[in-house]
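I opened the structure today and kept notes as I went. Here is what I looked up, entry by entry.

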Protein chains: 2
Amino acid sequence: MNQRVPKCSCENCQLKTLFFSHVSPDELFDICDIKEERTYRKGDRITSEGEPIHEFLYMKEGLVKLSKSTNEGKEQIISFSKPFDFVSLLSVFSSKTYIYSVTAVEDSVVCILDLSVVKNKAQQNAMFTMDLMTRISSATDKIVIENLEIRRKQLKGRVAHVLLYFSNYIYEKDEFELPVSRREIAEYIGMTTENVIRTLSEFRKDKIIKIFGKDILIADKSRLENISEFG
Amino acid sequence: MNQRVPKCSCENCQLKTLFFSHVSPDELFDICDIKEERTYRKGDRITSEGEPIHEFLYMKEGLVKLSKSTNEGKEQIISFSKPFDFVSLLSVFSSKTYIYSVTAVEDSVVCILDLSVVKNKAQQNAMFTMDLMTRISSATDKIVIENLEIRRKQLKGRVAHVLLYFSNYIYEKDEFELPVSRREIAEYIGMTTENVIRTLSEFRKDKIIKIFGKDILIADKSRLENISEFG
DNA sequence: AGGTCTTTATGATAATTATCACAACGTATT
DNA sequence: AATACGTTGTGATAATTATCATAAAGACCT
């Protein structure tokens, strides 16, 4: 399920500059000491809705999804987090329990700090807290904006948008392996699985993309962008 | 358009306890000195998309909407802010310019601090920054959750949801004056104006609500809740 | 290797929502 | 008072999306 990696490798960690730029080397060493890395396999649940929050999470490798299930048992995907994103953005400082679940959609490595350590640090070091707030704000802003973007489009535009999201933002390549199922795409864009599949088939027939199972190749990006923008 | 109220009335301000619980009386006096209150009339624009952010805003009286316009010129309403909510939640600590506009939907009083003052305070006082972060996180969480709620419902459920939102959350009464037009409701729930109007008429015909122009009376709340929940 | 379950896929049909057209009403402006 | 303009309101029709049915392919388990 998960496995501890005892050796701390913070010296080479990009997060050091992003997250800890206002933490002294001594403090950093302390944090490094208590930091834990956990490895998750694709499909593993990392945190669950309703669980108490006692850890602070950020992404080192892989890709995870944040999701929430409706009281009818359907799943809604809120967002995806890639390396050097905070996974802990919603709820962490405003709630005692998670209001969403986090699940690995690729094999992932997540760095974990006890939340009380982060909170203590935050109460002592204002610059650290400012950094933290800036980062968390930026991440939640992205979620809100992305949500608005998806909301104003219809089916084809939304599917095109998601493909471009993975291509441009997550993988930075025109060919990639979809980390999620058609159903999960549907849960992200708020449409049905069948319509997502149908739309992908249509894009394939129109030679905008090539599909080999989970592998997607964007063949005509400008047309895909056009669909994403104007439907 | 707007008018200065020179006298500082922080002594009686609810925000003092919420916002400034970790600020010393001396500091509070300083802040009080430079704080400005501005009065806006219904319809007045408070901040505009693309403008540089140099002020920190919070609500004292009234109701405002946060909105963003698409590149096709359509408006999307992100959320509403009521008294003692921060208006400055998205962007403030993550962007130099506003990515949304703020407009008064009721006559409103907004308290305004220079952003540099808030940032300076935040860099010096970690507890203050923690408070701030907690409040901002809580506000953005609400936006995300509210968005998911609306997204999973269809037309009737969304309209019912909005009515309950105003009734329960904003006015805490079963009878209230709608602060927004049908079009604005449509912009908030992502449906067309005509369909919002039609749905309201349907609720009226079914004796779930009474409508007198902008005045709404919720006559059968449990049925409205049922529609909001199950469509 | 066989069976079960999920995912991908496609078609037909039903439900939902948008668009267009038009009218009444209120409000603001000149 | 007259005009213009936005809001509210309703109906007919078109477009979009969901639902249901069915099937093949792949993953998983034993």
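**Entry 1: the sheet in chain A.** I count two strands as paired if DSSP finds at least two bridges between them. With that in hand, I looked at the sheet in chain A of this predicted model. I found an open sheet of four strands, and its order is 2-6-4-5. The pairing is antiparallel. Which strands stand at the edges? They are strand 2 (45-47) and strand 5 of chain A. Each has a single partner strand, so one side of each lacks a neighbour in the sheet.

Strand 4 (residues 64-69) of chain A pairs with strand 5 of chain A over six bridges, in the antiparallel sense. I picked out A:K65 and asked which residue is its bridge partner in strand 5 of chain A. The partner is A:F80.

**Entry 2: the sheet in chain B.** I then turned to chain B. Four strands form an open sheet there, in the order 2-6-4-5, with antiparallel pairing. Strand 2 (45-47) and strand 5 (75-81) of chain B are at the edges. Each of these has a single partner strand, so one of its sides is left without a neighbour in the sheet. Neighbouring strands of this sheet are turned by 35° against each other on average, with direction ignored. Strand 4 (residues 64-69) of chain B runs antiparallel to strand 5 of chain B, and six bridges join them. Here I noted B:S69, which stands opposite B:E75 in strand 5 of chain B.

**Entry 3: confidence.** How far can I trust chain A? Its mean pLDDT is 90, and 92% of its residues reach 70 or more. Where pLDDT is low, the predicted coordinates should not be read in detail. I left that stretch alone.

I followed one helix pair across the contact. The axes of helix 3 of chain A and helix 4 (residues 126-151) of chain B come within 6 Å and cross at roughly 125°. That angle makes helix 3 of chain A oblique to helix 4 of chain B. A:A122, A:Q123 and A:Q124 in helix 3 of chain A meet B:A126, B:M127 and B:M130 in helix 4 of chain B. This helix contact has four nonpolar, two polar and no charged residues.

**Entry 4: domains of chain A.** I found chain A divided into domain 1 (14-143) and domain 2 (153-230). Taken over C-alpha atoms, the centres of the two domains are separated by 28 Å. Eight residues of domain 1 of chain A are in contact with six residues of domain 2 of chain A. The domain 1 side of this contact divides into four nonpolar, one polar and three charged residues.

**Entry 5: a helix pair in chain A.** Last, I checked helix 5 (residues 155-171) and helix 7 (residues 193-205) of chain A. They pack at an angle of about 75°, with their axes 10 Å apart. Helix 5 of chain A and helix 7 of chain A are therefore roughly perpendicular to each other. A:L155, A:K156 and A:V159 in helix 5 of chain A meet A:N195, A:V196, A:T199 and A:L200 in helix 7 of chain A. By class, the residues of this contact are four nonpolar, two polar and one charged.

Methods
Residues are numbered from 1 along each chain as its sequence is written. Chains are lettered from A and ligands numbered from 1 in the order in which they are written. This is a predicted model: local features need pLDDT of at least 70, side-chain atom pairs count only at pLDDT 80 or more; totals for chains, interfaces and linings use all residues. pLDDT is the predictor's confidence in each residue, from 0 to 100. Helices (H or I, at least four residues) and strands (E, at least two) are DSSP runs, numbered from the N terminus. Axes are lines fitted to C-alpha atoms, for helices over the stretch in contact, and angles run from 0 to 180 degrees between N-to-C directions. Domain bounds come from an automatic or database domain assignment. Two residues are in contact if their C-beta atoms, placed from the backbone, lie within 7 Å. Ala, Val, Leu, Ile, Met, Phe, Trp, Tyr, Cys and Pro count as nonpolar, Asp, Glu, Lys and Arg as charged, and the others, Gly among them, as polar. Angles under 35 degrees count as roughly parallel, over 145 as roughly antiparallel, 65 to 115 as roughly perpendicular and the rest as oblique.
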